[in-house]
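Welcome, and thanks for taking a look at this one with me. Please have the viewer open as you read.

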Amino acid sequence: MIFTEFRFFFFFLIAFCVHWALRSNTSRKVWLLGCSYIFYGAWDWRFLGLILFSTVVDYVVGLRLGATDDVAARKRWLRVSLVGNLGLLGVFKYFNFFVDSGVDFANLLGLQVPPIVFEIGLPVGISFYTFQTLSYSLDVYFRRMQPTRNVLDLALFVAFFPQLVAGPIVRAIDFLPQLKVVRRLSDVDVRGCLILFLVGFIKKAVVSDNIAQYVDAYFGYFTNYDVASAYLAVPLYAAQLYCDFSAYSDMAIACAGLLGYNLMLNFDFPYFAPSIKAFWARWHISLSSWVRDYLFNPLGGSRGSELMVWRNISVTWLLLGLWHGADWTYVLFGGWMIPALLLQRYWGALGPHRKPELPPLVGNVLTMWWICVAIIFFRSENLDKAWGIVKVFVFFQAPGDQLLGDRLVWLLVGLTAVHWVSYKGYLAGLWDKLGSLGFTAGYATCCALVLTLINPNAAPFIYFQF
Amino acid sequence: MATPTPRFEYVNEGGWGRPPPSLGRALAHTALWIAVVVGVGAAVRPLLPLSPESASTRKFEHFAANKDDYDVLFIGSSQVYRHVDPARFDRLMAEAGHPVRSFNFGVAGMAALENRALITRIAALQPARLKWVFTDVQRTGVRITGDNHFTARLASWHDPLTTWRALAVVAEADMSWSWKLDMAARHLVAFGSWLSNSGRARDVLEPHVGGTEATREAALPDRFDAGAGGLGPRGDGWVPLELAFAHATPFDRALIRERVQIWKGSGPEQMKRLRADPHQPRPVLEYSGELREPQELLRAEQALLTDFIDQVRAAGAEPVFINAPDVRQYEYMLEAALEAGVIPGLIDLDDPVRFPGLLRADVRYDLNHLNQAGAGLYTRALASEFAARLDGDGAEGAPRR
């Protein structure tokens, strides 16, 4: 079930109406949990067992961690959570990757190892909900929060349907306290949620789904095209990726808001970031902050010897790349960030008087170019294709001479202009000037016009595969 | 200590200082929202071009531009699209003393529901010369498969009345409740797409900001399927199938041979008896477990055909129904309609005794399509039957009425 589908609107309408019609907090939570399991089961009900497993493991681990001060015992219980959650990821997401890589390596050494195939589907959203449950156990372990005794709360935190399959990655420390307070519809900024949902819908159904055909044409047949086409297709893919993923977050936040719950901000105009570090502070914030808090900082962060900092940055970014998908292309996607971050680290260490001042626009353009190279790895099915497109994009060695379409420049210019206007906040507050009926009529008019621009052959969200 | 995570504050536990929502206000705003969405959609719809993804668009645009030039329209499935050669038909009719100009409006896969929507749009054009509209639809097309979900073509014919007819056919069909619910939901989604003009404005913008046609075709080769409803080499809507039946499987070839032999042996009386009895499967049906037995005409199907006749007459023309030679013989809507007196007559070319040539393997493309040579035979037979009907020939061989 995709947020832009008709059936989701019917599903959400029922979920919304019944939720607010129920009186007690417990009955509402039971209802939302049921809706969440139906929502997830619409993809494949068999994988519901994994969510239940993850919930039960972390519920028990949380209680045990809260019940003892014994350091060794606490470590043991934390290990149970880590093994349970990372084990799920390892089996369902990375097993074939590691086995295939092992077989390839063995063959490289001259050992004749036949390919080993383990037929298993990737459960939608497994990377998201395992990280959520891990954050709960880690926060309880680090005594940042008390474990919950209410299994319903924890189950709803893990399975809450607006953000279940593609984030934002919610922290228990943010979400569980909200479950204790009875939600009131009068506390909800309905207008803000509706606008945010429409913005997300436009990003996904109008922009991302319509751009996809040009991106697919280039990445499918890049050997036919020239260098200019690469400089159209790769930025278009950047736009598609942003609009696709941030749209999901927007709609998730809006749906959660309409049900009375706040979720964290996940995107903050990352393509206007002046550096790679700033980019990651604005892109998929729930993941980058998770990795910072639960991986990079525990490893030592930016403290310690230079070698240790190098190690911490490298491990963090290689794993962050691997989080996205079980393929070497994703590892390189993460790895491509390492030199930029190290360069930025030493550039910053030069001090204000020794480093030349760069205009902000130069920083934006360089960052965007770096990100474009990274997403070539992200989008390509294999390393050969990625390297072929990188050669076009970085070294201007194009195998073909066809042009993807010169008018696509105007599409890019238009998208950039709209994004910049939003970034500057010129669109904020426009709706506030309308009265109650005016807002409804204006919103309906926007909906009617937007629907004429959607791509009816909607594709799933890109981040569903992670 | 973890850094605090930023949040969207769409829920303020202290409230927003606005009046508390009430059920009445919510319902009023919902009603207003629906009214405006439907109203804006209706206002915008005439301004939007037909989707190039809808297979009938090219033909409709051509006909709209030349609506007063044609006396005869052939509307229907690929058995019209591939079989009726308008130029040959016109020549044969002129030789028979009935000069006409015809246009082939056949579209691959078009069934009665889509046919109904199309004839309604054609009637709205009020073509000045149109005298006859031929059609061959043998099935309603109510079953939407997964592959056809959310296509622009599907949305294009789900206007309110056609959707209503589709839902009526679904309700009356002898199928399980789960099938009915699934199909009803699919038709309602398609209606929603029609109502909201889903995706139709992007076809206006795309040429100005999009890639080249080649780029789009490379990305989505099925999207602009010229094969489903092209205007053809002479611009009269006929696109013949060039290949012979040689590529067909031995089973298919045997099926055709066997059917002709059986029917030749049974004779016209035997054939009539078999057709008159809806519970009597034809001998050919024994060849495949998937073939369905003839069924009685549903009330909803009857209404669908009546709609078609009414719309043709609203366009100032008369309907002419054709039974095309089809070895598979899945459904028999027109024969049942004739028996029930719903349609005024039927030119029956699905008759191995009178038209054995149409079942020969060498004039066939596949089990239910003729190749170019077969189309020549088919058009000749059709013109001959129709001319005889116009001449009031009541002898053996005249179309049944």
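The points below go through chain A and then the sheet of chain B.

1. A word before we start: this is a predicted model, so please read everything below as a description of that prediction.

2. Let's begin with chain A as a whole. Its secondary structure consists of 18 helices and zero strands. Of its 466 residues, 56% are buried. If you take the contacts in chain A between residues at least 6 apart in sequence, 76% of them join residues at least 24 apart. The chain exposes about 19900 Å², with carbon and sulfur atoms supplying 68% of that area.

3. F105(A), L108(A), L109(A) and L111(A) make a nonpolar patch of about 480 Å². One of these, L111(A), sits in the loop between α4 (71–108) and α5 (126–141) of chain A. L111(A) counts as partly exposed because its relative accessibility is 48%, and exposed would mean over 50%.

4. Now over to chain B, where five strands form an open sheet with parallel pairing, in the order β2-β1-β3-β4-β5. The edges are β2 (102–106) and β5 (347–348) of chain B; each has a single partner strand, so one side of each lacks a neighbour in the sheet.

5. Helix α5 (residues 112–124) touches β1 (72–76), β2 and β3 (132–135) of chain B, and its direction makes about 155 degrees with that of β1(B). Helix α12 (residues 299–314) of chain B touches β3 and β4, at about 135 degrees to the direction of β4(B).

Conventions. Residues numbered from 1 in each chain as written. Chains lettered and ligands numbered in written order. Predicted model: local features only at pLDDT ≥ 70, side-chain atom pairs only at ≥ 80, totals over all residues. Heavy atoms only, no water. Patch = residues over 30% accessible without salt bridge, like charges linked within 9 Å, V, L, I, M, F, W, Y side chains within 5 Å. Areas by Shrake-Rupley, 256 points an atom, 1.4 Å probe, with all protein chains shown as cover. Salt bridge = Lys/Arg side-chain N within 4 Å of Asp/Glu carboxyl O. Helix = DSSP H or I, 4+ residues; strand = E, 2+ residues; numbered from the N terminus. Buried < 20%, exposed > 50% of the residue type's maximum accessible area, 1.4 Å probe, protein only. Pairing = 2+ DSSP bridges. Contact = heavy atoms within 4.5 Å. Axes fitted to C-alpha atoms, helices over the stretch in contact; angles between N-to-C directions.
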